[in-house]
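Subject: Structure for you to look at

Hello,

Here is the structure we spoke about. My notes on it follow below.

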Amino acid sequence: MSVVGGTLARYFGVRFLNTVLLVFAGIFLLVALIDYIELMRRASDIPNVSGLMVAKTSLFRVPQVTERILPFCVLIGAMSCYLNLSRRLELVVARSAGMSAWQFVAPALIVAFLLGVFATAVYNPISAILQERSKRFEAELFGQNAVGAQSGGPFWLSQKTNDGTAIINAASSRDQGVSLFGVTAYTFDNEGHFRQRIEARSAVLEPGVWHLFNARIHEVQKLPLDLSEFRLKTSLTPEQVRESFATPETVPFWELPLYIRIAEHAGLGAAGYRLQFQKLLARPFFLVAMVFLAAAVSLRFFRFGGVQKMVLGGVTAGFLLYILQKVTEDLSKADLMHPVAAAWLPVLIGGLTGFMALLYQEDG
């Protein structure tokens, strides 16, 4: 019996993994196709545009999008797997071999947990790196027009040097704040009096200076001065700039602890980075919770009927859990909830709900 049970467990685990990967691959290709069509539409007015560059830009942006919907891939994959097993009466065979529902759900739980570990430790850093590269390719394709296309802005940053203070605004950023686009800088002397307003198409942080390109200088009672290049003195380091401009989603998992320490040392808010770090730590358990929810609504035999209602119930439960996760994230970003509670509360609620529903079905 143990040999048969082990064979069935491996079989159910492989079937679950294949179904989840198939769902993920389908969504990945769909997102890539839609994003490629949108980029081609935007690039239609650019002469001699390279279709290969557009495809590469789109492909590099897709992993971060699909990373966010991985829990729904697991939910849909688990429901499809168990409903198919039930339709083909394979669950009946498993029960006749002496396996309980907990025994043929356990392989899916293990696989989901390992998928979550892989997604956090490997897939997340890769998607963050590819996202930054896609911004570089997009800037090469669209030039100035890429400013409006890059998300995350506007950004604000203040600095202080021996010459006075400056407030810098950027419509968008690349390389986690080292390269800025749509830049406006307001400079003040040491006594707080306004000196200049500098507008530039882009800026790059270099040792000790911001290197501004296509700049226009506005001063009181003077005509605007246009310069192809302008250097604004700064005391900021790349690490300080990255902390201010980098959004938590663009920071790889393994670098998040460093960003948290830098933010705390600089006296800046680190709630967003803490929340992202806790979300990534909780991801394996969140995928396990999705399997529990799927199992609770999809282990009913087809001959009992009501399959459509069960599927609708599972999708609704996943959607409500997603809404709860977004609410807790917003509360955490507003400093109204601790990041640990915001990241782990949906995991606990989703996991306990699915576990209790499955326990009630199996053991009454």
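Buried means under 20% relative accessible area, exposed means over 50%, and partly exposed is anything in between (1.4 Å probe, protein chains only). This is a predicted model, in which local features need pLDDT of at least 70 and side-chain atom pairs count only at pLDDT 80 or more, while totals for chains, interfaces and linings use all residues. Residues are numbered from 1 along each chain as its sequence is written, and side-chain values use heavy atoms, with hydrogens and water left out. Helices (H or I, at least four residues) and strands (E, at least two) are DSSP runs, numbered from the N terminus.

Backbone and loops

Asn-214 is part of strand 5 (residues 209-219). Its phi is positive, about 55°, although Asn-214 is not a glycine. With a relative accessible area of 45%, Asn-214 is partly exposed. Gln-221 also has a positive phi, near 60°, and is a residue other than glycine. Gln-221 sits in the loop between strand 5 and strand 6 (225-233), and is exposed because its relative accessibility is 81%.

Asp-335 belongs to the loop between helix 10 (307-333) and helix 11 (339-363). Asp-335 is exposed, at 62% relative accessible area. From Asp-335 to Gly-272 the C-alpha distance is 9.5 Å, with the two 63 residues apart in sequence.

Helix 2

Helix 2 covers residues 51-68, 18 residues in total, and spans 27 Å from first C-alpha to last. That is close to the expected 26 Å, where the expected span is 1.5 Å times one less than the number of residues. At Val-62 helix 2 has a kink of about 25°, shortly before Pro-63; the bend is the angle between axes fitted to the seven residues ending there and the seven starting there. Both Val-62 and Pro-63 are among the buried residues of helix 2, as are Phe-60 and Arg-61.

Cores

A nonpolar core is a set of buried Ala, Val, Leu, Ile, Met, Phe, Trp, Tyr and Cys residues joined through side-chain atoms within 4.5 Å. The largest one has 46 residues, and those with the most contacts inside it include Phe-16, Val-74, Val-291 and Leu-299. Among the helices that supply at least two residues each are helix 1 (2-42), helix 5 (101-142) and helix 9 (271-298). Helix 9 gives the most, eleven residues.

Which residues does Leu-299 contact, leaving aside its neighbours within four places in sequence? They are Tyr-82, Leu-91, Ala-101, Phe-104, Val-105 and Leu-358, with contact meaning heavy atoms within 4.5 Å. A second, separate core has 19 residues, including Trp-210 and Ile-217.

Regards
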